[in-house]
Amino acid sequence: MKAWLYTTTSPSLEKSLTLHNNALAPPTPKNNELLIQVLSASLNHTDYQYPEQFLNSGLARLIIGTPASPGIEFCGRVTATGPLAQHLKEGTIVYGCHSRPTQFGTLAEYLVIKADKIAILPDGVDINSASAVSICGITAYQALEGNVKPGSGSSVLINGGSGGCGQFAIQIAKAMGCRVTATCSTRNMELCLRIGADEVIDYTAEEDLVRKLASRGSGMEFDCIIDNVGTPSTLYYECHRFLKEEGVFMQVGVESVRTYLRAVWPAFLGGGRRRYVILRRVDDNRRLVKLGEWLGDRTVQVQTDGVYEFHDVVKAFEKLRSGHARGKIVVRVSDPHARDMQSFGIGF
Ligand SMILES: NC(=O)c1ccc[n+]([C@@H]2O[C@H](COP(=O)([O-])OP(=O)(O)OC[C@H]3O[C@@H](n4cnc5c(N)ncnc54)[C@H](OP(=O)(O)O)[C@@H]3O)[C@@H](O)[C@H]2O)c1
C-alpha cells in the first residue's frame with residue numbers, strides 16, 4: 001500500500017518521513033477489528049509529539065513499532081471485518097481515531113482499528129469534515145459537558161478559539177446555549193464570530209490579557225474557562241478575578257510543563273484559587289456519534305486550514321507545528337470513488 005513512513009524522529013517527525021508505494025499492509029482484522037481504506041485524515045499535535053518524545057526510548061519503539069505511519073484520526077471505508085465485527089458491512093463509511101500513535105497510522109492507504117473506536121458516517125456529512133472531529137471535537141465536548149448547564153446561559157471563556165480544539169469548543173458551547181468569549185489574533189476574529197462567539201478578544205492587541213479580563217467588573221465572570229493555549233502563563237492563577245467561585249478552569253493545551261507547575265502551586269503560597277482540571281481526552285463513542293449528528297444538522301461545521309494532497313503531508317505537518325493553523329488540517333489520502341485493493345483481488 002502507499003504510506004508515509006518513519007523509523008526515527010530525529011531531527012523531527014516530518015523531516016524523517018518518506019513516501020512509499022509498496023509499504024507493508026496491516027494484518028488481517030481479527031476479533032472486533034476492521035480493515036479500513038483511509039479516505040481522509042486529520043492531523044493533531046500528538047501525531048508528532050508522542051513519537052518525538054518517546055520513540056527514541058526502546059520502550060516506545062516497542063509500543064509503536066517501526067517503520068510506522070503517523071496519524072490517528074480518519075474517515076474511511078470498511079474493507080474487511082474481524083469475526084466479531086460483521087455487523088459492519090464492507091463499504092460502510094466510518095470515522096474515528098486510534099487512542100494514540102500506532103504502527104499503522106492514518107497517513108497510509110489502510111489501517112486496522114477496533115469497531116468500538118468508530119462511528120458510521122451519517123448521510124450528507126462530508127468525508128473531510130468527519131475525519132476531523134474525533135480528537136479536537138471530543139476534547140472540546142468533554143471540556144464543556146458537566147461544566148456548563150445546557151440551556152442555562154452559562155458564560156464560557158475559550159482561550160485559543162480559532163484552532164482545532166477552539167473552533168469545536170465555540171460551536172459546541174453555543175449548541176449548549178452558552179455565552180461565548182473567545183481569544184484569537186486579529187486575522188481570526190471574523191472566523192470566531194462567524195462560528196458563533198458572542199465576543200472576541202484579540203490577544204495580539206492586548207498588552208495584558210489577564211488585566212483586560214479582570215478589569216471588566218462584576219457580572220462579567222465566567223462559569224468555565226477552557227485554555228487551549230497555555231499562555232499567558234498567569235491566566236490560571238489570576239483567574240479568580242474573572243472565574244466564578246464555583247467555576248472550573250479546564251487546561252487543554254499547555255505551552256510547556258511550567259504551565260502545570262504553576263497551576264499546582266498551593267493557593268496559600270500564591271497559587272490559583274479556582275478548581276483546576278488537566279483535561280485528558282478519552283475515547284467516547286457516544287460523543288463521537290453526537291458529533292456526527294451535529295455535522296449532519298450543521299450545528300457544527302468543521303473549519304479547515306486547507307485540505308492537503310497526500311504528497312503534501314510534510315507541508316501539512318509544518319503548518320500544524322507552527323501553532324497558527326486556522327481550524328483543522330486535513331489530508332486527502334485515497335480517492336473515495338476509486339476501487340480498493342481488495343476489489344482488485346489483492347488480499348491481506
Ligand atoms: N488535553 C487533551 O486531551 C488534548 C487534546 C487535543 C489537543 N490538545 C492540545 O491542545 C492544544 C490545542 O490544540 P489544537 O489542535 O487546537 O491546536 P492548533 O489547531 O494548532 O491551534 C492553533 C490556534 O491557536 C491559536 N493561538 C496560538 N497562540 C494563541 C494565543 N496566545 N492566544 C489565543 N490563540 C492562540 C492560533 O491562532 P493565531 O494563528 O491567530 O495565533 C491558531 O488558530 C495543543 O497543545 C494540543 O496538543 C490536548
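**Close-up views of a predicted model**

View 1. Residues are numbered from 1 along each chain as its sequence is written. Because the model is predicted, local features need pLDDT of at least 70 and side-chain atom pairs count only at pLDDT 80 or more, whereas totals for chains, interfaces and linings use all residues.

**View 2. Residues around the ligand.** The ligand is surrounded by 31 residues, and the closest are G163, G164, S185, G253 and R281; a residue is near the ligand if its C-beta atom, placed from the backbone, lies within 6 Å of it. By class, the shell holds ten nonpolar, 17 polar and four charged residues, with Ala, Val, Leu, Ile, Met, Phe, Trp, Tyr, Cys and Pro counted as nonpolar, Asp, Glu, Lys and Arg as charged, and the others, Gly among them, as polar. Domain 1 (3–132 + 303–344) and domain 2 (136–278) each contribute at least three residues to this shell.

**View 3. The contact between the two domains.** The chain is divided into domain 1 (3–132 + 303–344) and domain 2 (136–278), with bounds that come from an automatic or database domain assignment. Taken over C-alpha atoms, the centres of domain 1 and domain 2 are separated by 30 Å. Six residues from domain 1 and eight residues from domain 2 take part in the contact, two residues being in contact if their C-beta atoms, placed from the backbone, lie within 7 Å. On the side of domain 1 that touches domain 2 there are one nonpolar, three polar and two charged residues.

**View 4. The buried face of helix α1.** Within helix α1 (residues 46–54), the buried residues are D47, Y48, Y50 and P51; a residue is buried if 20 or more other C-beta atoms lie within 10 Å of its own, exposed if 12 or fewer, and partly exposed in between, with C-beta atoms placed from the backbone. Seen down the axis of α1, these buried residues fall within an arc of 170°, so they line one face of the helix, the arc being that of the directions from the helix axis to the C-beta atoms. In the chain as a whole, buried residues make up 48% of the 348 residues.

Definitions and conventions. Helices (H or I, at least four residues) and strands (E, at least two) are DSSP runs, numbered from the N terminus.
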